[in-house]
Amino acid sequence: MTYFPEEVVEHIFSFLPSHSDRNTVSLVCKVWYEVERLSRRAVFVGNCYAVRPERVVLRFPNVKALTVKGKPHFADFNLVPPDWGGYAGPWIEAAARSCVGLEELRMKRMVVSDENLELLARSFPRFKVLVLISCEGFSTDGLAAIASHCKLLRELDLQENDVEDRGPRWLSFFPDSCTSLVSLNFACIKGEVNSGALERLVARSPNLRSLRLNRSVSVDTLSKILVRTPNLEDLGTGNLTDEFQAESYARLTSALEKCKMLRSLSGFWDASPICVPYIYPLCHQLTGLNLSYTPTLDYSDLTKMVSRCVKLQRLWVLDCISDKGLQMVASSCKDLQELRVFPSDFNVAGASAVTEEGLVAISSGCPKLSSLLYFCHQMTNEALITVAKNCPNFIRFRLCILEPKKPDAMTGQPLDEGFGAIVRECKGLRRLSISGLLTDRVFMYIGKYAKYLEMLSIAFAGDTDKGMMDVMNGCKNLRKLEIRDSPFGDVALLGNVAKYETMRSLWMSSCNVTLKGCQMVGGIRHAWDQGNSGWLVLLSLLL
Amino acid sequence: MSPPLELDYIGLSPPAAAAAAAGADDDLKGTELRLGLPGSGSPERRVAAATATTLDLLPAKGAKRGFSDEAPPPSPVAAAGKGKKVAEEADNDKKVAATPQPAAKAQVVGWPPIRSYRKNTMATTQLKGSKEDAEAKQGQGFLYVKVSMDGAPYLRKIDLKTYKNYKDLSTALEKMFNGFSTGKDGLSEYRKDGEYVLTYEDKDGDWMLVGDVPWEMFADSCRRLRIMKGSDAIGLAPRAADKSKNRN
């Protein structure tokens, strides 16, 4: 193959679908390394501390799309101190120096400042796509900079960021010449937006396919916007709690009915139950529905809506839907692939309307289910075993029993057998979160059966180092391991150091590892003393 | 508590520790992607010296993270401010013997694993839902219950949390349903004498007369309301009093 001209080699490489494949071919020989690096268009950095930004931009000068992830997953739950790091600045600065052809930037769990956004907006004349997920540190002023300078902007997608509100003017910074928007998501912006500016922006964006509004947008504005977007595929509503005026809602329904391409719906916020029937005409065509931020809808409101969504593939909902509601979902939504049930009450010692029964009902009614996130207050081994048999196609299975170390609600036993059944039956499982009372036994099962597992989250589980070691030794494809409040110590930490070379990150907090143990592992990124709660170690390794 | 430890990027400030870390690093220097030793131009990052304040190990008391302060089973009067717990205590009595819950269990940092964004967004929604300040209620900021009236062709739904007392409720219901005459202090006038009586179904599924228990207790146990003909309501009053006694 070394006798082929470089153009041919480059063309062959263009068929490689994944980053890891391209990484692999670049290791074959120097020629291939050069060809690969110069033709690489998309670079994915799973851990921003695994490699310096300068090295990335020097190696891949022609990169068009850069994705960088910062803080570890457990930062979502306030386990990482606020000034830990994950700064976007160095990445944007390095790209601004060396890759002016950059068109797309996606960042997750990073700290982004308004200055960073300003630099981004001014440095890349062909910039098209900005996606920020769970980021913080910037304000609506930074968004104004993006709006005003990125003339070719196609996507501005802000998902669950903490954005400081400095007024509604940012939206007005999109120039009249900006007509290229395909996707606009500002649902996480807390403040008002200028409805006139929004309507005008939508009116001049004929390619708009995805629009997610924030809760300041009124029903009337929404209706006016929808009239302009008959090709909309994904909509996040504004607020649906205006003083109930039938005419406004009738207008909304007729506007919605024109959106024949609309497949995905979210928002709702504190929607009044009275408004919900006005959405009914849309339900039959929906494949995605997110009602998980809407505690104002009770079980009957929810089931009336969801039971009409016969094509639903993805459902995010609060536990107010109750077991009975989940049974209705199971009988109506036969195409369901992804279900997330969030708690409406974060009180660990409380009760919720969903139990193991709801989960079993879903599993028997929805055999295509492959992705689950389920918060509940109780679970049984029997239920998990049944679920595993019903749904062997799970790729992501995350179960969170709110009370730590809670045993099987029927037998009082640990939930080892239940999770054991999940990993045994679901041979394609890639992500797993376990909870409840668990002994070393469950880790023995995971190590033995979960051959394709890439990410494992453990909390308040296990008895001895053997648990963690079984996972480290058995799960050949493990990339991310996060553990909190579990009795694993240095023996487990050091039991398979070579394994870390194949992993992206390890998180251990409030475990039994010591400072000395951390020192003995090469390549520590960050360790600090958590006072009396034990050591916290984060290893960040190769790309 | 030991003094906070300042830690640098790769290892630890004390020289002995740095040497040990450097030794382990030799193996990895051969790989192309370096791990960024200190001073090699790696991104500036201030390592947080962990203190209780930095990591917020002991969350502030109150509803900030949505955890309630664990308390021993409250008396019915004190329970008025504790929301749903009252009914749950009663339920627990019927099932297993209640296990004492240590206070520490409720205050675990970063648990349950819910994103801050979700917690903050839900808190905002709940604040909007309840007209009073949110500190009293740990749960949802709204409580929609169905209201039926004997003889009326359709039901209504009201949010109990928008009312502060029985009088407000009575006034609102009067507006909703015609032919519902008011007395001086609301509902107590209706027993047996008035044309209609306001009753409710509580969490146990029993039908009770409205007005016997403190407002908060009523609001937390009420599942639905029914405006009954007075003649049908005979016999309800004694049960309400007995039930309150059982709860003590």
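This is a short chat about one predicted model.

Colleague: Before we start, what kind of model is this?
Modeller: It's a predicted model, where local features need pLDDT of at least 70, side-chain atom pairs count only at pLDDT 80 or more, and totals for chains, interfaces and linings use all residues. Residues are numbered from 1 along each chain, chains are lettered from A, and side-chain values use heavy atoms, leaving out hydrogens and water.

Colleague: Where does UniProt put the F-box domain?
Modeller: The unreviewed entry places it at residues 4–45 of chain A, though such annotations may be inferred rather than shown by experiment. That stretch is 60% helix and 10% strand; helices (H or I, at least four residues) and strands (E, at least two) are DSSP runs.

Colleague: OK, helices then. How do α8 and α9 of chain A pack?
Modeller: Helix α8 (residues 195–203) and helix α9 (residues 219–228) of chain A sit at an angle of about 10°, axes 9 Å apart. That makes α8(A) roughly parallel to α9(A), a label for angles under 35 degrees.

Colleague: And which residues meet there?
Modeller: From α8(A), A:S195, A:L198, A:E199, A:V202 and A:A203 meet A:T221, A:K224, A:I225 and A:R228 in α9(A); contact means heavy atoms within 4.5 Å.

Colleague: Switching to strands: what does β6(A) pair with?
Modeller: One partner is β4(A), in the parallel sense over 5 bridges, with A:L130 opposite A:L156 in β6(A). Strand β8 (residues 183–185) also runs parallel to β6(A), joined by 3 bridges, and there A:E155 faces A:S183. Pairing takes at least two DSSP bridges.

Terms used
Axes are lines fitted to C-alpha atoms, for helices over the stretch in contact, and angles run from 0 to 180 degrees between N-to-C directions. Angles under 35 degrees count as roughly parallel, over 145 as roughly antiparallel, 65 to 115 as roughly perpendicular and the rest as oblique.
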